[in-house]
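Hi,

Here is the structure I promised. Please load it before reading on.

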Amino acid sequence: MSRTIKLGAWPLLRHVVLLAGALVVLAPFIWMLSTASKPADEIYSSELHLIPHHFALWENLREAFAKADLWRYLLNGLIVTVSIFALQILIALPAAYALAKLRFLGRGPLFALVLFGILIPPQATAIPVFLLLHKLGALDSYAALVLPFTISVFGIFLMRQFFKTVPDDLIDAARMDGISEFGIVWRVMLPTAIPAVTAFGIFSVVAHWNDYFWPLIVLNSPQYYTPPLAVAHFRNAEAGTNYGPLMAAALVIIAPLVIAFLLAQRRFIEGITLTGLK
Amino acid sequence: MARIELSAIRKSFDTTDVLRGVDLTIEDGEFVSLVGPSGCGKSTLLRIIAGLEQQGSGEVRIGGEPVDGVRPSQRNLAMVFQSYALYPHLSVFDNIAVPLRMKRLTTLERLPLLGRLLPNRYRVEREIRQEVEHVAAQLELSAFLGRKPGQLSGGQRQRVAVGRAIVRRPVAFLFDEPLSNLDAKLRVHMRAEIAQLHRRLQATFIYVTHDQAEAMTMSGRIAVMIGGELVQVGRPAEVYDNPRDIRVAEFVGSPKINLLPGQIRSDGAVETLGQRIGVATKGIAQPCRVGVRPERIQVGSGPFVGHVVHVENMGAEAFVHLGVEGLATPLLARIGDVRELPMLGSALRFGFAPDAVRLFDAAGKRIEAHAAPAAVRTLEVASV
């Protein structure tokens with residue numbers, strides 16, 4: 001590389017500010033990584049150091065897996081997030097198609113209701129939904145974790161906006177070819193909307209993988225615990241908080257999301273920008 | 001193959017009447033163009049024939065059967081759209097195969113994985129493959145069967161859309177401005193291809209376009225639609241030569257017909273720009289409009305004088321724009337020999353034969369006129 005890069009004062013300053021911002025965001029993760037790699041005596045020692053003197057990540061991981069059934073919690077997380085996402089798509093796509101492309105009485109008010117639904121925070125409806133699940137006898141089960149999130153107004157809104165950009169001719173062509181309206185949703189709209197579905201998938205999976213609030217209030221039995229609850233479980237262990245294994249467990253729990261993101265990074269960002277532009 | 005009859009078709013969106021009672025019969029194997037300015041309702045009419053839109057009132061019959069309430073796919077028509085409307089996620093092969101798969105495979109057999117296990121599917125798929133390959137060969141698409149529409153040029157996409165239409169062997173083809181997304185050169189080429197396709201298939205074609213040149217060059221009959229009504233239906237030459245309405249005269253033909261203000265005298269003689277033009281009519285004294293096609297204007301001699309304001313040399317022919325006193329817009333005259341073009345700004349005499357004149361009344365309706373038998377040509381010329 002013979003080309004020299006000249007940095008003016010302003011670009012330099014910009015990069016310094018950006019780096020500082022990145023550091024603030026990354027600091028907890030770095031600290032988590034550091035703590036997970038330290039033996040107990042180093043964690044509790046008064047001096048602060050980032051690099052552990054004695055590298056104890058494997059011991060901490062072994063202890064974390066020994067203390068709790070981490071595989072089980074990861075599997076729970078997978079079951080819950082995949083079920084939620086699949087059901088959300090199952091409901092949001094036909095709804096969005098109807099709102100975007102079919103002409104029927106009351107479409108405007110219905111769409112206004114969808115928009116209104118986005119404004120309602122999930123915490124506001126938590127207690128009624130909790131009572132409903134209680135009456136149904138569905139508390140403390142996978143159903144309690146999945147059912148309240150199957151209708152995503154955000155998903156309906158996002159997909160509807162995307163479907164608006166699909167030319168009407170394509171739908172008419174499908175009708176001429178003999179594809180039914182539901183067939184159009186799954187065979188024509190879904191494949192063209194893959195970028196939007198991907199973007200929505202990221203939001204949905206990340207939100208429900210990391211959700212702490214809802215599993216905490218509907219679950220009692222540890223066998224249904226989702227990953228965030230499992231981490232909290234470590235903190236409440238009777239012998240007092242053991243930060244090394246706790247951080248190691250946290251590491252295990254965020255790992256699937258980080259790995260998935262790294263693997264599909266380009267597609268993810270493509271999806272988000274695509275839906276943003278259109 | 002089928003005859004398509006439309007009777008008293010009306011359609012309105014909210015409060016606007018898009019179609020105001022359209023009657024049209026399209027014979028089996030005929031190539032009819034619906035032509036008109038944008039917003040005249042021609043696409044809506046086509047969509048009503050296809051079944052994609054419900055008419056407000058009136059009846060559509062295909063092959064003698066009323067098709068109201070029959071789903072688009074059951075009408076067995078094929079449509080080619082302006083945007084081609086190819087499925088972007090499917091290959092050219094799959095795009096062409098879709099109508100056949102929808103018709104011949106059951107829902108169960110179409111399932112992605114399970115369907116493969118069913119014995120019938122294998123047999124039907126083999127038939128479909130043969131037919132798609134046959135159609136692709138006809139349209140010179142064989143080399144592109146594995147590509148996605150995004151990897152094709154505009155003309156190739158157009159051919160895929162046509163392929164998807166012919167593969168199902170419909171009773172009639174509907175074209176909705178299929179060439180307007182192509183560049184000018186390709187459009188002329190595809191015009192010839194579609195005309196050939198019609199000759200080969202001998203099927204009923206209904207072709208919607210706003211481009212009168214497309215309609216004139218391809219179709220057996222053209223139906224000029226303006227403001228939701230069929231104003232004139234006839235062979236292209238007839239519509240061009242014998243427009244029943246001033247809007248038809250203006251719409252058909254490029255460049256546009258020249259319209260001069262005129263006056264019908266009480267003796268039936270017609271005057272324009274202060275000159276009698278050797279045309280007589282039976283009508284009463286009234287103001288009128290005198291229409292003359294650019295190619296019927298004779299330049300070099302005649303009772304009128306104009307100034308050359310612009311010359312368009314197309315190579316094979318040229319159009320001279322003449323500024324004439326008493327006319328708001330320049331008058332256009334075609335000159336066949338481009339080697340003898342007049343100078344800009346020069347004064348030019350011009351005239352036209354009585355049989356070149358098409359007369360319209362103030363409301364735009366055609367007035368029948370004939371050459372005045374013993375017309376005394378006034379040769380005096382207003383000095384300009």
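This is a predicted model: local features need pLDDT of at least 70, side-chain atom pairs count only at pLDDT 80 or more; totals for chains, interfaces and linings use all residues.

Residues are numbered from 1 along each chain as written, chains are lettered from A and ligands numbered from 1 in written order, and side-chain values use heavy atoms, without hydrogens or water.

**Sheet, chain B**

Chain B has an open sheet of 6 strands with mixed pairing, in the order β6-β7-β8-β3-β9-β10. Strands are DSSP runs of E, at least two residues, numbered from the N terminus; helices are runs of H or I, at least four. Two strands pair if DSSP finds at least two bridges between them. The edge strands are β6 (77-80) and β10 (229-234) of chain B. Strands β3 (residues 31-35) and β9 (residues 221-226) of chain B run parallel, joined by 4 bridges. Val35(B) has Val224(B) as its bridge partner in β9(B).

**Salt bridges**

The structure holds 31 salt bridges over all chains. The cut-off is a side-chain nitrogen of Lys or Arg within 4 Å of a carboxyl oxygen of Asp or Glu.

- Asp94(B) pairs with Arg101(B), closest N and O atoms 3.1 Å apart. Arg101(B) is buried at 17% relative accessibility; Asp94(B) is partly exposed at 21%. (Buried: under 20% relative accessible area; exposed: over 50%; partly exposed: in between; 1.4 Å probe, protein chains only.)
- Arg276(B) meets Asp267(B) at 3.4 Å, N to O. Asp267(B) is exposed, at 54%.

Salt bridges with shared partners also link Arg103(A), Asp172(A), Arg175(A), Glu181(A), Arg47(B) and Glu53(B) into one network.

Best wishes
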